[in-house]
Amino acid sequence: MTLSKRKVLLLVGGGAILAAGAGAMVASRTPSKAAEPWSLAGSYGDIRRNALSWALLAPNPHNLQPWKAQLIGDDSVVLFADPARSLPHADPSGRQITIGLGCFIELMRLAAAGSGYGVDLDFYPEGETDQAPVVRARFRPDAAQPDPLFGAAPNRRTNASVYDVRPLPPEAVAILSEYGVVVSEPGAVASLRALAKEAWDIELMTPRVWKESVDVLRFGARQIDASPDGLAVRGGVVNLLAALGLITPEAQLPQGSLGWQTAMDAFTGAITSTPAFVVQVSEGNSRRDQLDAGARWLRLSLAATQLGLSMQPVSQALQEYPEMAAPHARIHALYAPPGHTVQMLARVGFARPVPAAPRWRLEDKLVG
């Protein structure tokens, strides 16, 4: 269905007729099914299912949730990467997806420790191939102590909104520095703002890369509940327009379109408000290095949550496609010694809370 711009504005601005009927129900809906995994985490009888139900809440690129798990015997779990949930243009080497798997493994381990279980991890037991297991995990009772960071797991969010520009307290900088390089000096922050903005512009102006984001946009409660992954765009007006077919992913793709410009402007506003960044660097860039980077990122995110801080990855400059070569080289020259790899770049600060990201239920991620 197509409406003129004037009719769309009248519909959005007034909406008196629709708001009096079924449209009001659509507009007021919030995703329910997509939020259930957050309340179900830890409610399963089996320790492995409990740990996995927490792990699937881990941060991951584009919220693709690129994991599959299999229960083996009475005490083990095998984790696989889902090759259908990748970003071949933005993440051609699979580095970012592997970091997301590292987040999953670490949150699984923390959840198990919360119940006193240790987890023995055998990484890539069959070699590093696309179809091979990423890790085999064996759960052992009475073999671990709870980690205080795990208490922040229910409240961890990725917050892409505008931040308060007030500086981080020194005690917060000290704690976060245990997990990465905290950049809070105004000149260095300004340089990273400019670098992150340059990289974002490159991403939006590289059609094949931007399309990977557009393809996983979920508009409104109905779409989010139907496909609780990807990048959720929600709210009363969005719900209404999506239900009427007035917002589509295809319309966001062309450069200069309203959706494209909105994405450009939203990032500009967010990055301009950023008071500090965190940079995480590893000595190498093997798959194990990337999994370890994911574990550190998960712990950093939980530590920030405990401090009442918000975080958002802005890792476009770390992506490895040709158009991003200049920002990629520049951030490595700034923060990575020779041979090292910058694995994560994030903005950090104070912000208003945001809803939890949608998730598939545990049952959807278990394989036979």
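Author: Leaving aside neighbours within four places in sequence, F139 is in contact (heavy atoms within 4.5 Å) with I47, R48, A51, D75, V77, M108, A112, Y117, G118 and V119. The model is predicted, with local features needing pLDDT of at least 70 and side-chain atom pairs counting only at pLDDT 80 or more, while totals for chains, interfaces and linings use all residues. Residues are numbered from 1 along each chain as its sequence is written, and side-chain values use heavy atoms, with hydrogens and water left out.

F139 belongs to the largest nonpolar core, which has 58 residues; together with M108, L168, L176, L309 and V348, F139 touches the most other members. A nonpolar core here is a set of buried Ala, Val, Leu, Ile, Met, Phe, Trp, Tyr and Cys residues joined through side-chain atoms within 4.5 Å, where buried means under 20% relative accessible area (1.4 Å probe, protein chains only). Helix α6 (residues 95-114) supplies the largest share of this core, 10 residues. Helices are DSSP runs of H or I with at least four residues, and strands are runs of E with at least two, numbered from the N terminus. Another core, of 39 residues, lies apart from it and includes L195, V214, L217 and M264.

As for the sheet, 4 strands form an open one in the order β5-β8-β10-β9, with antiparallel pairing; two strands pair if DSSP finds at least two bridges between them. Its edge strands, each pairing on one side only, are β5 (181-183) and β9 (310-313). Between β9 and β10 (residues 341-349) there are 4 bridges, in the antiparallel sense. P313 has A346 in β10 as its bridge partner.

Conventions
Buried means under 20% relative accessible area, exposed over 50%, partly exposed in between (1.4 Å probe, protein chains only).
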